[in-house]
Amino acid sequence: MSESLPKLQMYIDGEFVDPTTGDYFESFDPYTAKPWCLVPRGTEDDVERAVQAAHRAFSDGEWPAFNASQRGELLRKLGELVAENAQMLGELEVKDNGKLLSEMSAQLKYAPSFYYYFAGLADKIEGAVIPTDKASFTYTLHEPLGVCAAIIPWNSPLLLVAWKLAPALAAGNTMVIKPSEYTSASVLEFIKLVEKAGFPKGVVNIVTGYGSEAGEPLVKHPLVQKVAFTGSSFTGAHIYAEAAKDIKRVSLELGGKSPNIVFADANLENAVKGAVAGIFAATGQTCVAGSRLLVQENIYDEFVEKLVAFASTAKMGNPMNLDTQVGPVTNLPQYKKVLDYIDIAKGEGVETVLGGGKAERPECGDGWFVEPTIFTGVRNGMRIAQEEVFGPVLGVIPFADDEEAVAIANDVMFGLAAGVWTEDIRRTFTMAKRLQAGTVWVNTYRAVSYTTPFGGYKRSGLGRELGQEAILEYLQTKSVWISTAEEMANPFVVG
Ligand code: NAP
Ligand code: MG
């Protein structure tokens, strides 16, 4: 490990701090495959300090004294600071994560809206006055939970932090964030903006480190009331089980194997773009990747030909260049995993019609690049059709009619998203109803908005992020009964 690389610091109780153990690990630039900074290796002691700080901030001092409008004002200020620093944050994410600068520029122009939306929602959390059958004035209060843990994956750190932090703070909670070991840098830069916006110390804390050493004690900490997790279904299931021991609240945004279904009546030019957006955007490293492309039999050959022709022009290379369309895979284990899945698919007897291995193009240098890959001859029972690859690997499956499309689409353990390409209005509504997925896109793909709930059916998760529903994930309901009776009723009879 090169000691000359810049050392990042964690953020606990309003201060940038070194890890208790003094240990660091390298973070890599996936375009060069070289380490570029050192990330603090946080452990249980750091988690303890962070959770205690978040607990103090929740219980005493300025934060619980703020009214909802004041919390909203701070969130609005944070959104403005994200907008002002979008370029810097975006470039950092490109360096640490390999995301395209073109995608980050668009994402960070949009990111402030997530803070503005929940800033506006903060003082619209309303209880109800409930007409009861008793002599009582009865009403409900929605109260914050306390210390919330946010555990973030590597594919879109800044965005996924926003999805959790904005509703949690709008609701009055405090938070400890554990970013992915592979992509901690942008979140540690972002926290400077949280401080600048004026959030009191301890309200937001970051502990970096490995999942087993920093994530696990955070999930288990008795003062943590809720765990908001985005990541793989495997880790999500483990966290769910750990949280169950203390009856902690949990929201889980997990993996997917989303079907993107093209009917013969679709606008095929748009559908080709939609198929590409579904699997090659962000190098396929999105939870909503449309990794199973279902194409109606009578247009199958024509469509695959058009798709391969379009996808084969994708420009790979330096993610900092604005015209690059497919960047590297974010980390070495994931790079190896994607290549392994390509081998698994070949072993299952698929036909490779595009790519099918590591990218050996000069513009890709030593980076972790995988060729955009399309397989035909895929059957839905194959591992390549059932397991999440999280890379630029697409399996194309033919179907005869609507019935078969629905059967194949739903025959998977996941249910995060689905795409449908059709010009038929009746089919639009029936498919939207029959597909088992938290999001169904018709004639579009990967559209997400701060206004619209997002989350999974089946093993793709629990709970919803974004939209008004999201804030309920960070609140609990209290019912208050105030008797209006002059006399207390018979104490031995509850009624
Ligand atoms: P992951 O391996 O499950 O890790 C996610 C986070 O959990 C990381 O911060 C990880 O730390 C941490 N972690 C690992 N083990 C832990 C433990 N025992 N206790 C507590 N925390 C632990 O997922 P990933 O590879 O980073 O991300 C890719 C996955 O995320 C894909 O499956 C993708 O579909 C999913 N995802 C879902 C959504 C959605 O909204 N549904 C969005 C984006 C991504 P380390 O980094 O140190 O391992
Ligand atoms: Mg990195």
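**Ground rules.** The model is predicted, so I noted that local features need pLDDT of at least 70 and side-chain atom pairs count only at pLDDT 80 or more, while totals for chains, interfaces and linings use all residues. Residues are numbered from 1 along each chain as its sequence is written, chains are lettered from A and ligands numbered from 1 in the order in which they are written, and side-chain values use heavy atoms, with hydrogens and water left out.

**Entry 1: ligand 1.** I began with the shell, where a residue counts as near if one of its heavy atoms lies within 4 Å of the molecule. There are 31 residues around ligand 1, and E181, E216, S232, L254 and E388 come nearest. I sorted the shell into 15 nonpolar, 11 polar and 5 charged residues.

Which helix gives the largest share of the shell? It is helix 8, with 4 residues. Helix 8 (211–220), strand 10 (224–230) and helix 9 (233–245) each supply at least two; helices (H or I, at least four residues) and strands (E, at least two) are DSSP runs, numbered from the N terminus.

Then I asked why ligand 1 lies between domain 1 and domain 2. Both domain 1 (10–254 + 460–479) and domain 2 (259–442) give residues to its shell; the bounds come from an automatic or database domain assignment.

**Entry 2: oxygen atoms of ligand 1.** I looked for polar contacts (pairs of N or O atoms within 3.5 Å; within protein, one must be able to donate a hydrogen and the other to accept it, and residues adjacent in sequence count only if both atoms are side-chain atoms). Polar side-chain atoms lie 2.6 Å from a ligand oxygen for S232, 2.7 Å for E181 and 3.1 Å for S180. The protein covers 89% of the 900 Å² of accessible area that ligand 1 has on its own. Such areas come from the Shrake-Rupley method with a 1.4 Å probe; for residues, only the protein chains shown count as cover.

**Entry 3: G391.** I found G391 in the loop between helix 13 (383–386) and strand 16 (393–399). Is G391 buried or exposed? It is buried, at a relative accessible area of 2% (buried is under 20%, exposed over 50%, partly exposed in between, with a 1.4 Å probe and protein chains only). Beyond its neighbours within four places in sequence, G391 is in contact (heavy atoms within 4.5 Å) with I279, T283, G284 and V338.

**Entry 4: positive phi.** Most residues other than glycine have a negative phi. I247 has a phi near 50 degrees; this residue sits in the loop between helix 9 and strand 11 (249–253) and is exposed at 75%. N443 has a phi near 60 degrees and is partly exposed at 34%, in the loop between strand 19 (439–442) and strand 20 (457–458).

Entry 5: Q296, in strand 13 (residues 292–296), is buried at 9%, and its side chain reaches the backbone oxygen of A400 at 3.1 Å. N331 is buried at 3%, and its side chain reaches the backbone nitrogen of Q334 at 2.9 Å. Leaving aside neighbours within four places in sequence, N331 is in contact with W154, Y182 and W368.

Terms used:
Nonpolar A, V, L, I, M, F, W, Y, C, P; charged D, E, K, R; others polar.
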